[in-house]
Each structure stands twice: as C-alpha cells, then as structure tokens.
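Me: I would like a close look at one part of this model, the strand pairing, and then at what surrounds it. Please keep the account connected and plain.

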Amino acid sequence: MAGEITINGIRYEMFLNEDVAITIRRVDVGVNTVVTIPDSIRIGDSVIPVTVVEARAFKNNATVKKVVLGKNVVTIKESAFENCRALSEVTLNNGLLNTT
C-alpha cells in the first residue's frame, strides 16, 4: 500500500513495508523549517509505526533546518538528507539501528 498524508502542513509520501510498518519515501515540507517524523500514522482504524526514512526522502530540500525523528524510526537510508543546505540539526532517537 502506498499513499500520501498531510500532517501539520507537511506532506509525506509513504508505503507499507514488509514489516507492516511505514516507510517515509518523500517529504514535502512546504514553508516549514522544522519537521517531526511521526511515531506512527493512523490509517483507518489502524495505528501503524513509522520505522524507515527512505533514501533521498529530503533530497534537495532548501527549507528544512531541523528534523526530529519519531521514536519508532530505526533506519535512515543513504542520502536521506542529500543536498539539504539549510539543515543544521537532526534529532535522533535511542532506537535508531541502521543508517544505510
């Protein structure tokens, strides 16, 4: 399952991965400078954890200055923040296992 959802003015492209969790594929921050990747996203009656930030999810974003990862994010893929020139801070969580 793939789709989009907007939370607090931030559009997330996502898909349900093999672990029955959400992978964030692309983030459109609009004018927001701070992005918090949610712990989970409600889809219908289900609350599904967000566990992965996909490769190039924020690529070439010129607006975002700070990213806060939700408590369920365990993987950040290679180049997730590639060419984000304004980005100065990423707040990691204690559960982060992989940066690939």
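Predicted model: local features only at pLDDT ≥ 70, side-chain atom pairs only at ≥ 80, totals over all residues.

Reply: Val68 stands opposite Thr91 in S9. Strand S7 covers residues 66-68, and its pairing with S9 is parallel, over three bridges.

S7 and S9 belong to an open sheet of three strands, ordered S4-S7-S9, with parallel pairing. At its edges are strand S4 (34-36) and strand S9 (89-91), each of which pairs on one side only. On average, and with direction ignored, neighbouring strands of this sheet are turned by 10 degrees against each other. In general terms, strands of a sheet pair through backbone hydrogen bonds, in either a parallel or an antiparallel arrangement.

The antiparallel case is found in S5 and S6. Strand S5 (residues 40-43) and strand S6 (residues 46-53) run antiparallel and are joined by four bridges. One of the pairings can be named: Ser40 has Pro49 in S6 as its bridge partner. The two strands form a hairpin with two residues between them, and in this hairpin Gly44 takes a positive phi near 65 degrees.

Further along S6 comes Thr51. Is Thr51 buried or exposed? Thr51 has a relative accessibility of 14% and therefore counts as buried, since the cut-off for buried is under 20%. Setting aside neighbours within four places in sequence, the contacts of Thr51 are Asn17, Ala21 and Ile22 together with Asn72, Val73, Val74 and Thr75.

Positive phi also occurs away from glycine. The loop between strand S8 (75-76) and S9 contains Ser79, whose phi is near 65 degrees, a positive value in a residue other than glycine. Ser79 counts as partly exposed because its relative accessibility is 27%. Asn83 is also placed in the loop between S8 and S9. Asn83 is not a glycine either, yet has a positive phi of about 60 degrees, and at 37% relative accessibility Asn83 counts as partly exposed.

Glu82 forms a salt bridge with Lys59, with the closest N and O atoms 4.0 Å apart. This pair links distant parts of the chain, as Glu82 is in the loop between S8 and S9 and Lys59 is in the loop between S6 and S7, 23 residues apart. Glu82 is partly exposed, with a relative accessible area of 33%, and Lys59 counts as partly exposed at 26% relative accessibility.

The structure holds six salt bridges. Two others among them involve Arg11. In one, Arg11 pairs with Glu13, the closest N and O atoms lying 3.3 Å apart. In the other, the partner of Arg11 is Asp28, and the closest N and O atoms are 3.6 Å apart. Arg11 lies in strand S2 (residues 10-16) and Asp28 in strand S3 (residues 22-28), so this pair ties together parts that are 17 residues apart in sequence.

How exposed are these residues? Arg11 counts as partly exposed at 24% relative accessibility. Glu13 counts as partly exposed at 23%, and Asp28 counts as partly exposed at 37%. Arg11, Glu13 and Asp28 are linked with Glu4 in a network of salt bridges.

How values were computed. Residues numbered from 1 in each chain as written. Heavy atoms only, no water. Pairing = 2+ DSSP bridges. Axes fitted to C-alpha atoms, helices over the stretch in contact; angles between N-to-C directions. Buried < 20%, exposed > 50% of the residue type's maximum accessible area, 1.4 Å probe, protein only. Contact = heavy atoms within 4.5 Å. Salt bridge = Lys/Arg side-chain N within 4 Å of Asp/Glu carboxyl O.
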